[in-house]
Amino acid sequence: SSRRRHTRYSLQSRGLGDVYKRQARDQNVINALRDHTPVIRNALILLYSSANYDEVTTREGKEKLLADGLAEIERVMVEETGEGGVEALYFTALVIQ
């Protein structure tokens, strides 16, 4: 199906809190994202915990967070399932402290 489906959850890490949606079209990918949420969450916490405040306050910095997060989710998915398939990562809210 070409319909887009989204998953959403919160991640809190060193004052960098975000709510985001991951986009995938394949139901198997959506199921795998749900099944591997703890591993993905851990990977994103490790990634985002090293984020520099001055970098993430710019538009370019936020775009880099999304790009790096998507790459990290894809890495985990390939490692855990043998394939990726996540098309995009979107922030729907972002709190930087």
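How close do the axes of α1 and α4 come, and at roughly what angle do they cross? In this predicted model, the two axes come within 11 Å and cross at roughly 95°. Axes are here lines fitted to C-alpha atoms, for helices over the stretch in contact, and angles run from 0 to 180 degrees between N-to-C directions. Local features were considered at pLDDT of at least 70 and side-chain atom pairs only at pLDDT 80 or more, whereas totals for chains, interfaces and linings use all residues. Residues are numbered from 1 along each chain as its sequence is written, and side-chain values use heavy atoms, with hydrogens and water left out.

The protein chain contains four helices and three strands. Helices (H or I, at least four residues) and strands (E, at least two) correspond to DSSP runs numbered from the N terminus. Read from the N terminus on, the order of elements is β-β-α-α-α-α-β. Of the 97 residues of the protein chain, 34% count as buried; buried denotes under 20% relative accessible area, exposed over 50%, and partly exposed the range in between (1.4 Å probe, protein chains only). The accessible surface comes to about 5,800 Å², and carbon and sulfur atoms account for 47% of that surface. Among contacts between residues at least 6 apart in sequence, 61% join residues at least 24 apart, where contact means heavy atoms within 4.5 Å.

Two packed helices are described by the angle between their axes and the distance between the axes. By the angle criterion (under 35 degrees roughly parallel, over 145 roughly antiparallel, 65 to 115 roughly perpendicular, the rest oblique), α1 and α4 are therefore roughly perpendicular to each other. Their contact is formed by V29, A32 and L33 of α1 together with I73, M77 and T81 of α4. These contact residues divide into five nonpolar, one polar and no charged. In this classification Ala, Val, Leu, Ile, Met, Phe, Trp, Tyr, Cys and Pro are nonpolar, Asp, Glu, Lys and Arg are charged, and the others, Gly among them, are polar. Within α1, A32 is buried, with a relative accessible area of 11%. Apart from neighbours within four places in sequence, A32 is in contact with M77 and T81. A32 and G84 are separated by 52 residues in sequence and by 9.5 Å in space, C-alpha to C-alpha.

Helix α1 (residues 27-35) also packs against helix α2 (residues 37-48), with axes that come within 5 Å and cross at roughly 70°. The helices α1 and α2 are therefore roughly perpendicular to each other. L33, R34 and D35 of α1 and T37, P38 and I40 of α2 make this contact, and the residues involved divide into three nonpolar, one polar and two charged. The loop between α1 and α2 holds H36, which is buried at a relative accessible area of 18%. Not counting residues up to four places away in sequence, H36 touches E80 and T81.

In soluble globular proteins, nonpolar side chains tend to be buried together. A nonpolar core is defined as a set of buried Ala, Val, Leu, Ile, Met, Phe, Trp, Tyr and Cys residues joined through side-chain atoms within 4.5 Å. The largest such core comprises 16 residues, of which V29, L33, I40, I73, M77 and V86 touch the most other members. Helices α1, α2 and α4 (59-81) each supply at least two residues of this core.

E72 lies in helix α4 and counts as buried at 18% relative accessibility. Neighbours within four places in sequence left aside, E72 is in contact with A43, L44 and L47. L47, in helix α2, counts as partly exposed at 25% relative accessibility. With its neighbours within four places again excluded, L47 is in contact with D68, G69 and E72. L47 and E72 lie 25 residues apart in sequence and 8.0 Å apart in space, C-alpha to C-alpha. V78 is also found in helix α4 and is partly exposed, with a relative accessible area of 43%. Excluding residues up to four places away in sequence, V78 touches E83 and G84.

Notes
Areas by Shrake-Rupley, 256 points an atom, 1.4 Å probe, with all protein chains shown as cover.
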